[in-house]
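Open the model in a viewer and keep the selection panel at hand. The stops below say what to select and what is found there.

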Amino acid sequence: MEQYDLIVIGSGPGGYVAAIRACQYGLRTAIVEKNRLGGTCLNRGCIPTKALLHAAQAYAGLQELGELGIHVENTGYDIEKIHERKRGVVDRLVGGVEGLLKANGADILYGEAKILSAGKVSVNGQCYMTDRILVAVGSAPARIPIPGIDTKGVVTSDELLEGEPVDYSSLVIIGGGVIGVEMATVYSALGCQVTILEGLDRLVSVLDKEFSQNLKMNFKKKGVEVILKANVTAIEPMEEGVRVLYESKGKPESVCAQGVLVSVGRRPQTAGLFAEGITPEMNRGFLVVNERFETSVPGIYAIGDVIGGIQLAHKAEAEGLACVAYMVGREPDTSVRVVPSCIYSSPEIASVGLTAEEAQERGIAVKKSKYLMSGNGKSIIEGEDRGFIKMVFDAETDRLLGVQMMCGRATDLISEFTGAIVNGWTRRQLLTGMRPHPSFCEGITEALEAAEGMSIHSAPVAKP
Ligand code: FAD
Ligand code: NAD
């Protein structure tokens, strides 16, 4: 029987990265995948959504070229080609993962893994022995138990991104979280009539309130209808398309569309993974782990979406690397304590650390700052001048606690602050290096200065 040092189950960003690092550390490693390599992220998550978004925003950008003095006529798009390119991007990255796993010496076992004991895994009826098992099986879309949820035309992100391309003229999105907001951004850019039905009183409720208010305003301009506190009760088929029934402010309402996207969160994929008597401790299906990613069963580790918390590819990756480092007695290079969150809306949203409210709830006295990107040259040049950068500092120590930004390139700019929070940098330390001009990151210097009322490109709060 084949013997390994480590068997990784699941080849998403958590699993494949962990497997490569394990090989680099000299562990004899196998990785099991029941589907395509790359997991949710590469096949039906991060990558295909951003490929669609890139095309949709390029198309929407054409409609705005007149403002730049550029005339284009007869614009249009071909949804089949947009999806074909998306598939090309995905295939290239999946092929890259396969090549890297092989080049590093990992064995790839295709099939559904079942854990028979802490040292034994079966794949397609064949058994493999191993010293350790790393569970990185990820998550799958949640469904809501309402009548009509299986109606034709109702999809989750899986079918939308991996299924046949549909050129929606109208789309109802149930759930105004991260997927809901990103897919509304994609389809509204393509001219589709989008309605978001969100159960809570704001969009992306886990993030700063101001994001929701700004998103709602921006969506309104793009013709996206956002209905908050909507209680969806049923979905009915129509001759063409579907009708979604919901209650709003105590009144029954309905909205019709060509299709429905259900994006109400994701559940762990642990069903059937463990043989009887070997199941580690779980919490609502999520595996419970300690700070070294060990489950309650010695020799079985878990990382990524399946352990709950925020569900992000870079979090899964960092956890995979940290877990494998612990296995070989090393300290991880990257902290898993501070996780940046990004939403690829227009403008982009990025957030890391604590909001002012969260810090205050923890009894921390805070110093806050906010800089409006309407004073930033690059934002005006690129027509992205409606954004902001907010910062939260510990009033006593001057240390950075959190940053919330909605502006051009926010998803790139946020990284500076993840490191700053991990390393306990202060506002003054963040101000020591100059930032290039013209750039979006000049807004960071302004936000740092604004904490002391010293921003140069903002009107003074009170006249001297
Ligand atoms: P997954 O990527 O889910 O991979 C798990 C793998 O395990 C799968 O390939 C599955 O087939 C396999 N598997 C499961 N059970 C078994 C078994 N028994 N045997 C063998 N194989 C098995 N995150 C970001 O950071 N940025 C984004 O922009 C982003 N966009 C997203 C967009 C969408 C539409 C979605 C749905 C998610 C997005 N995410 C994004 C979240 C991100 O995709 C996940 O957080 C990430 O993929 C989790 O990685 P993972 O390795 O834990 O699991
Ligand atoms: P989510 O948790 O972000 O949002 C789900 C939303 O659905 C919530 O706002 C919730 O209140 C709402 N909801 C739940 N039940 C409802 C109901 N019955 N009716 C109306 N609204 C309802 O989940 P998601 O958008 O499905 O995304 C799943 C995960 O994927 C997220 O946790 C996110 O981390 C990850 N993701 C990340 C990115 C990114 O990093 N850019 C992009 C997409 C997805």
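Select Leu-52, Ala-55, Ala-56, Ile-79, Ile-82, His-83, Val-186, Tyr-187 and Leu-190, which line the second largest cavity. A cavity here is a set of points on a 1 Å grid over the protein atoms alone where a 1.4 Å probe fits but cannot get out, and lining residues have an atom within 4 Å of a point. The volume of this second largest cavity is about 30 Å³, a volume being the space filled by probe spheres set on grid points that are joined across faces, edges and corners. Its lining takes at least two residues from each of α3, α4 (79-103) and α6; helices (H or I, at least four residues) and strands (E, at least two) are DSSP runs, numbered from the N terminus. By class, the lining of the second largest cavity has eight nonpolar residues, one polar and no charged. In this count Ala, Val, Leu, Ile, Met, Phe, Trp, Tyr, Cys and Pro are nonpolar, Asp, Glu, Lys and Arg are charged, and the others, Gly among them, are polar.

Before moving on, note that this is a predicted model, in which local features need pLDDT of at least 70, side-chain atom pairs count only at pLDDT 80 or more, and totals for chains, interfaces and linings use all residues. Residues are numbered from 1 along each chain as its sequence is written, chains are lettered from A and ligands numbered from 1 in the order in which they are written, and side-chain values use heavy atoms, with hydrogens and water left out.

How many cavities of 30 Å³ or more does the structure hold? There are two. For the largest, select Thr-185, Leu-215, Asn-218, Phe-219, Lys-222, Ser-345 and Ser-346, which line it. The largest cavity has a volume of about 40 Å³. Helix α7 provides the largest share of its lining, three residues. The lining of the largest cavity divides into two nonpolar residues, four polar and one charged.

Next, go to the second largest pocket, with a volume of about 1100 Å³. Of its 28 lining residues, select the closest to the centre: Glu-64, Ser-346, Glu-382, Gly-383 and Glu-384. A pocket, unlike a cavity, is an open set of points with protein on both sides within 12 Å along at least five of seven lines. Which helix gives the most to the lining of this second largest pocket? It is α3, with four residues; α6 (178-189) and α7 (209-221) each supply at least two. The pocket lining holds nine nonpolar, nine polar and 10 charged residues.

Now select ligand 1 and the residues around it. A residue is near a molecule if one of its heavy atoms lies within 4 Å of it. Ligand 1 is surrounded by 40 residues, the closest being Glu-33, Thr-40, Lys-50, Asp-305 and Ala-313.

- an oxygen atom of ligand 1 lies 2.6 Å from an N or O atom in the side chain of Glu-33;
- an oxygen atom of ligand 1 lies 3.3 Å from a polar backbone atom of Cys-41;
- an oxygen atom of ligand 1 lies 3.4 Å from a polar backbone atom of Gln-311.

Taken alone, ligand 1 exposes 1000 Å², of which the protein buries 95%; accessible areas come from the Shrake-Rupley method with a 1.4 Å probe. Helix α2 gives the most to the shell around ligand 1, with four residues. The shell of ligand 1 comprises 15 nonpolar, 18 polar and seven charged residues.

Move to ligand 2. Of the 21 residues around ligand 2, those that come nearest are Glu-182, Glu-198, Gly-265, Gln-311 and Cys-342. A polar backbone atom of Gln-311 is 2.8 Å from an oxygen atom of ligand 2. The protein covers 76% of the 840 Å² of accessible area that ligand 2 has on its own. Helix α6 gives the most to the shell around ligand 2, with three residues.

Finally, select Ser-374, in the loop between β22 (366-372) and α10 (377-381). Is Ser-374 buried or partly exposed? Its relative accessible area is 41%, so Ser-374 is partly exposed, the class between buried (under 20%) and exposed (over 50%), with a 1.4 Å probe and protein chains only. The C-alpha atoms of Ser-374 and Gly-387 are 7.1 Å from each other, with the two residues 13 apart along the chain.

How values were computed. A polar contact is a pair of N or O atoms within 3.5 Å; within protein, one must be able to donate a hydrogen and the other to accept it, and residues adjacent in sequence count only if both atoms are side-chain atoms.
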